[in-house]
Amino acid sequence: MKRLQITILIVFSILIGGCTGMEKSGDNEETTTELPDTIAAQDEFTRTFLVSTDEVAEGHYAFKPWTEAYTMWIPVDAKLSEGFYEKREKHWERFSYAWLDNEENLSYGVFGQFEDRPDSEKIGLQHLTDFSKFKGEYSESEDEDNIYYYGERIYEAGLEREVKIPVYSYIGFIKHKNSDKALGIVFDHHCSDWTLNCEADTKLIKDHFWKLVKSVKFEN
């Protein structure tokens, strides 16, 4: 029997479970017929996080969460999980979004958790490690604005009584040098339909992960 596609949002719901803390509703008055024909622009909830519906880079919009503490890129075909999103005032926030590449038979998902507290580097990195179940050592790098932690993990996922599929996970943590702000990111990908061939371009996908990580700009 052909297996139904498993998106990364199902994996997220198994790991944590949905919990919502909504404080903002969309105020975009444009109708969907006036908007770009992309999933991110057409989805009402996702659209409330977009700086605009003009692409900031090829295939990406600028994404500004409701804490307004940072911006980053989001693929134009991504859809935010409304049930997973939660924020606590301006100091804590989590989100997840997912998208499909039907041509390559691949599903992608990004989980993010933001912290703004004096011990955000220690606590945020521990939260990221616990959530991703990462067991290794992070590599570290930095640039003028941020410190970066990076790790990789492969694990199996799937619903009960189903054949498990491998999920490839890139794990990143961004700590702002000039504030207490930090953001943990888990970038997962896997074959959408395990009965069909799935040839992921690992280098291309990893490059995409780093583009998303390096797109994070914290507000001072």
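Close-up 1. F49 is buried, at 1% relative accessible area; buried means under 20% relative accessible area, exposed over 50% and partly exposed in between (1.4 Å probe, protein chains only). F45 also counts as buried, at 9% relative accessibility. This is a predicted model: local features need pLDDT of at least 70, side-chain atom pairs count only at pLDDT 80 or more, and totals for chains, interfaces and linings use all residues. Residues are numbered from 1 along each chain as its sequence is written, and side-chain values use heavy atoms, without hydrogens or water. Rings of Phe, Tyr and Trp (its six-membered ring) pair if their centres lie within 6.5 Å; planes under 30 degrees apart count as stacked, over 60 as edge-to-face and the rest as tilted. By this rule there are 29 aromatic pairs. F45 and F49 form an edge-to-face pair, with 5.2 Å centre to centre and 70 degrees between the planes.

**Close-up 2. K181 in strand β10.** K181 lies in β10, residues 181–191. Strands (E, at least two residues) and helices (H or I, at least four) are DSSP runs, numbered from the N terminus. K181 is buried, with a relative accessible area of 12%. A polar atom of the K181 side chain lies 3.3 Å from the backbone oxygen of E219. Beyond its neighbours within four places in sequence, K181 is in contact (heavy atoms within 4.5 Å) with residues including F114, D116, H176 and F218. S120 is 61 residues from K181 in sequence, yet their C-alpha atoms are 6.7 Å apart.

**Close-up 3. I185 and the nonpolar cores.** A nonpolar core is a set of buried Ala, Val, Leu, Ile, Met, Phe, Trp, Tyr and Cys residues joined through side-chain atoms within 4.5 Å. The largest holds 37 residues; M72, F95, Y97, L183, I185 and F187 touch the most other members. Another core, of 12 residues, lies apart from it and includes F111, L128, Y149 and F173. Leaving aside neighbours within four places in sequence, I185 is in contact with M72, F111, L128 and F209, among others.

Close-up 4. Helix α5 runs over residues 202–214. At 1.5 Å a residue, its 13 residues should span 18 Å; the expected span is 1.5 Å times one less than the number of residues. The end C-alpha atoms are 18 Å apart, which agrees. I205, H208, F209, L212 and V213 are the buried residues of α5. They cover an arc of only 140 degrees around the axis, so they sit on the same side of α5; the arc is that of the directions from the helix axis to the C-beta atoms. Exposed K203, L204 and K211 are on the face turned away from that buried side.

Definitions and conventions:
Polar contact = N/O pair within 3.5 Å; in protein donor to acceptor, adjacent residues only side chain to side chain.
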